[in-house]
Amino acid sequence: MNVKGGSTMSLKMNKVFQDMDQFWSVELIGDVDIQTSGRLKEELNQLLDQKECDINIDCANLSYIDSTGLGVLIGVLKRVKKSENNILITNAQQNILKLLKITGLDKIFVMK
Amino acid sequence: MKDCISLTLPTKSEYVSVARLTASVVANNMGFDIESIEDIKVAVGEACNNAVLHGACQEDFEISFLIENSEFIVEVLDCGNGFSVDEYNEPDLMNPGENGLGIFIMRSLMDDVTVKSEVGQGTKIRMVKRLVV
């Protein structure tokens, strides 16, 4: 299942369902901030509406995230935890890792 | 001698990135390293988010960047709802909520942060980052 995300100049999302291991792979490209976090929330919830499972968020090309974006991830985490699933954060850049460490979220999400 | 850069921005989310970008350029010109520039960018973003989210129906908010000696000073002023600073609680990081991380992040990334606010009278956030030579 390949679901291409919509994009604005500042955030692009590529979403793919991994059939073998049954999880959503979401690549974030650009900035998650007050302007784009609403769309992130909507699209992640839509994926879970289709299939409740782990979400792997590839942050290799995520250049910025703020507290509104972190809030969205926390909210989505609460939802996936209800079905005993997780959010995995992979390939986060140094600036993103720093924010996750400061807020303690590196202990709340599964970091890879 | 002080240099001052002032912006009046609409209280709309799409303009927060304008403030972040301006802060990055000014901080870079001052000689901050990349990590400090990122810290400043995030802190400025959080302060502006506050103005946009709680600015009620005020059309604009103000942000100033002051360069004084080796200090980079940011002031964000909105005339929105305001809040009771005494009632602000630090977030419980073991049980994170979806809101409330902004001020905590500002305080973690900047050297000094003062928040002055009164319900019904808006909010002024002042943040300082010192250049370490």
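This is a predicted model: local features need pLDDT of at least 70, side-chain atom pairs count only at pLDDT 80 or more; totals for chains, interfaces and linings use all residues.

Residues are numbered from 1 along each chain as its sequence is written, and chains are lettered from A and ligands numbered from 1 in the order in which they are written.

Start with helix 2 of chain A, residues 67-82. Helices here are DSSP runs of H or I with at least four residues, strands are runs of E with at least two, and both are numbered from the N terminus. The 16 residues of helix 2 of chain A should span 22 Å at 1.5 Å a residue, and the end C-alpha atoms are 23 Å apart, which agrees. The expected span is 1.5 Å times one less than the number of residues.

Which residues of helix 2 of chain A are buried? They are Ser67(A), Thr68(A), Gly69(A), Leu70(A), Val72(A), Leu73(A), Ile74(A) and Val76(A). Buried means 20 or more other C-beta atoms within 10 Å of the residue's own, exposed means 12 or fewer, and partly exposed is in between, with C-beta atoms placed from the backbone. Those buried residues pack against elements of both chains, including helix 1 (37-50) of chain A and helix 2 (34-54) and helix 3 (102-109) of chain B. Just after helix 2 of chain A, Glu84(A) has a positive phi of about 55 degrees.

The axes of helix 1 and helix 2 of chain A come within 9 Å and cross at roughly 15 degrees. Axes are lines fitted to C-alpha atoms, for helices over the stretch in contact, and angles run from 0 to 180 degrees between N-to-C directions. The two helices of chain A are therefore roughly parallel; angles under 35 degrees count as roughly parallel, over 145 as roughly antiparallel, 65 to 115 as roughly perpendicular, and the rest as oblique.

Now the two chains together. In all, 18 residues of chain B are in contact with 18 residues of chain A, contact being C-beta atoms, placed from the backbone, within 7 Å. Helix 2 of chain B gives the most to the side of chain B that touches chain A, with six residues.

One residue to look at is Thr103(A), in the loop between helix 3 (94-102) and strand 6 (110-111) of chain A. Thr103(A) counts as buried because it has 20 C-beta neighbours inside 10 Å. Leaving out residues up to four places away in sequence, Thr103(A) touches Leu70(A), Leu93(B), Leu101(B) and Ile105(B).

Last, chain B. The axes of its helix 2 and helix 3 come within 9 Å and cross at roughly 150 degrees, so helix 2 and helix 3 of chain B are roughly antiparallel. On the helix 3 side of chain B, Gly102(B), Ile105(B), Met106(B) and Leu109(B) meet residues of helix 2 of chain B, among them Val42(B), Ala43(B) and Glu46(B).

Helix 1 of chain B has 15 residues that should span 21 Å at 1.5 Å a residue, and its end C-alpha atoms are 21 Å apart, which agrees. Its buried residues include Val16(B), Ala19(B) and Ala23(B). Gly31(B) follows helix 1 of chain B, with a positive phi near 105 degrees.

Key. Two residues are in contact if their C-beta atoms, placed from the backbone, lie within 7 Å.
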